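Please look over the notes below with the model open beside them. They are set out as numbered points, each of which can be checked against the coordinates.

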Amino acid sequence: MERNWKFVKEKDQMFERAFGRDHHWHYHPEIIKQADSYMVKVVMPEGGGHNFHVHPEMHEILYVLKGTAEQWIEDEMQLLEVGDSVYIGANVAHSTFNAGQGELEFLAILSPPEGWEAGTVDVSENAPYSEYRPRIE
């Protein structure tokens with residue numbers, strides 16, 4: 001019988017570098033198969049960002065650990081500071097940019113796991129999102 005819990009030490013995290021960001025996966029489908037949600041710490045360099053995108057079948061919670069995030073949800077933008085968070089429903093366009101000095105660090109929690117296969121869809125070149133903020137290449 002598979003245990004329904006898992007400790008993940010820093011040395012055991014799954015690391016990936018994607019789109020200029022460091023992803024430190026604490027809970028990911030390859031780490032814990034039976035999880036109902038996944039969690040990743042994202043480290044975004046100064047001036048970096050994640051362009052407008054959607055997770056068609058997953059919702060996401062972002063929680064700022066360090067720095068200042070320029071957080072867009074559809075056509076609304078707010079600056080999020082340490083301790084601030086946002087809930088984003090499935091298939092809602094959003095983007096996150098580092099709006100401060102130094103690195104931005106935040107936790108992203110994604111759920112449900114059944115939505116993982118639908119992935120992340122970039123919508124940053126589509127109107128109206130392409131008009132809200134320039135893309136980061």
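1. Gly115 is buried, having a relative accessible area of 0%, where buried stands for under 20% relative accessible area, exposed for over 50% and partly exposed for what lies in between, with a 1.4 Å probe and protein chains only. This is a predicted model, in which local features need pLDDT of at least 70 and side-chain atom pairs count only at pLDDT 80 or more, while totals for chains, interfaces and linings use all residues. Residues are numbered from 1 along each chain as its sequence is written, and side-chain values use heavy atoms, with hydrogens and water left out.

2. Gly115 sits in the loop between β10 and β11 (121–122); strands here are DSSP runs of E with at least two residues, numbered from the N terminus. Leaving aside residues up to four places away in sequence, Gly115 touches Glu57 and Met58, a contact being heavy atoms within 4.5 Å. Met58 is 57 residues from Gly115 in sequence, yet the two lie 5.1 Å apart in space, C-alpha to C-alpha.

3. Six strands form an open sheet with antiparallel pairing, in the order β1-β2-β3-β10-β5-β8, and two strands are taken to pair if DSSP finds at least two bridges between them. Its edge strands, each pairing on one side only, are β1 (14–18) and β8 (85–88). From one strand to the next the twist averages 20°, with axes being lines fitted to C-alpha atoms and angles running from 0 to 180 degrees between N-to-C directions.

4. Within this sheet, β10 (residues 104–111) is joined to β3 (residues 38–44) by seven bridges, and these strands run antiparallel; Tyr38 stands opposite Leu110 in β10. Strand β5 (residues 59–66) is also joined to β10 by seven bridges, again antiparallel, and there Tyr63 faces Leu107 as its opposite residue in β10. Seven of the eight residues of β10 are buried, so that the strand is mostly covered.

5. Strand β2 (residues 21–27) contains His26, which is buried with a relative accessible area of 16%. Apart from residues up to four places away in sequence, His26 touches Val8, Gln13, Ile31, Met39 and Lys41.

6. The largest nonpolar core has 20 residues, and those with the most contacts inside it are Trp25, Leu62, Leu104 and Phe106; such a core is a set of buried Ala, Val, Leu, Ile, Met, Phe, Trp, Tyr and Cys residues joined through side-chain atoms within 4.5 Å. At least two residues of this core come from each of β3, β5, β8 and β10. Among the residues that Leu104 touches, not counting those up to four places away in sequence, are Val42, Val64, Ala69 and Phe97. A second, separate core of seven residues includes Phe52, Val54, Trp72 and Ala93.

7. Three bridges connect β4 (residues 49–54) with β9 (residues 94–98), which run antiparallel, and His53 stands opposite His94 in β9.

Methods:
Helix = DSSP H or I, 4+ residues; strand = E, 2+ residues; numbered from the N terminus.
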